[in-house]
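I opened this notebook to keep track of what I looked up, entry by entry.

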Amino acid sequence: MASPDVHQLLVGIPITCHAFNADRSQVAISPNNNEVHIYSRTPGGGWTLAHVLPDHDKLVTCIDWAPTTNRIVTCSQDRNAYVWTWDGASAAWKPTLVLLRINRAATFVRWSPHENKFAVASGARLISVCYFESENNWWVSKHIKKPIRSTVLSLDWHPENILLVAGSSDMHARVFSAWIKGIDAKASNPVWGEKLPFGTVCGDFAAGGWVHAVGFSPSGNSIAFAAHDSTITIANGPAVPPQLIVTPNLPFVSLFYASENTIVVAGHDCAPYVVLNRGSHWELADKIDAGRKKSVTGNSAFDKFRQMDSRGQAATDVEINTTHQNTITSVRPFAGERGAVAKFTSTGVDGKLVIWDLLSAGIAGLRI
């Protein structure tokens, strides 16, 4: 197994979320405050702080970077979202305020695959589907409300740009239609429904706890979601009973499909794991982290007894045998196409950005 590429961007400060630009030369992160920091890749392979976006008033909860249009969208606990565009003349990022019309914190945001709209989850028990209104030169939103009964924690778009899967703290994952008149062509889906007006519930799946993470498969025919009861569920449409994977791990908080048969998950166990389709069933395969070998000196036993004598207590080891030393907050694809992800990145509470090579993970049955 190849060693991951580890970058300590922050020391003693968590990274709440992250997003890369198209060529992976820049990364935007939230340093657990109201700012967005954009780092640029140096010739030596490191990262240097290039821009600070300070317009939010409270904690920035999520960031997404559109690869084609090069626009950044951010959302925050201040109940606002901004779309940032690069101004070459002033060499700065210019914000445009989005009219979310919510009275609680925004929690999650994702661009649609065509990058002509984006969805914002919130604590107001609704999803704001935002699109650009050229007549008034601003971003407006339509709300998906029913039957959501609590905070929406995560979102993901169907590859065809119409459907949206959402996980919420009412212990449900739901698939909605986010079709916008004048923006999207008329659409139907053989798995999720033939008629898809805005707000249609195309699937509703119960979970055993808060749904922290959701994702569509590359084909869009199935969804996966991770709940706070340490389970992972895969659903192949509303007509087929979903498969529940019960794991012995701590809860997972982020996931994505690396391929049609491979899901990467991560969370409170401080290491990313792979979930594989074995043909007739899905299973949690193994973690993608060989761990770190700790050096042991010849006098370690002597040092242990000396510390017990001088301090009256045994030596305590505060490090864990994983690359990340605290909860992983997000995992995102890094290299490869949708449906064939070769590398991915993770950020965590320990302030690290880690680039993982999925192909060299050495996991039996892994197919990309």
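Entry 1: I looked up what G199 touches, and, leaving aside its neighbours within four places in sequence, G199 is in contact with I144, F176 and S177, where contact means heavy atoms within 4.5 Å. I noted that this is a predicted model, in which local features need pLDDT of at least 70 and side-chain atom pairs count only at pLDDT 80 or more, while totals for chains, interfaces and linings use all residues. Residues are numbered from 1 along each chain as its sequence is written, and side-chain values use heavy atoms, with hydrogens and water left out.

I then placed G199 in the loop between β16 (172-177) and β17 (201-206), strands being DSSP runs (E, at least two residues) numbered from the N terminus.

**Entry 2: the cores.** I looked for nonpolar cores, that is, sets of buried Ala, Val, Leu, Ile, Met, Phe, Trp, Tyr and Cys residues joined through side-chain atoms within 4.5 Å. The largest has 36 residues, and those with the most contacts inside it are F118, I127, V129 and L155. Among the elements that give two or more residues to this core are β7 (72-76), β12 (127-133) and β15 (163-168). Apart from this core lies another, of 17 residues, including I162 and W192.

Entry 3: I traced an open sheet of four strands in the order β1-β28-β27-β26, with antiparallel pairing, where two strands pair if DSSP finds at least two bridges between them. Its edge strands are β1 (5-8) and β26 (328-337), each of which pairs on one side only. β1 and β28 (residues 352-357) pair over four bridges, and the bridge partner of V6 in β28 is V354.

I found another open sheet of four strands, antiparallel in its pairing, with the order β2-β3-β4-β5. Here six bridges join β4 (residues 36-41) to β5, and V36 has L53 as its bridge partner in β5.

Terms used:
Buried means under 20% relative accessible area, exposed over 50%, partly exposed in between (1.4 Å probe, protein chains only).
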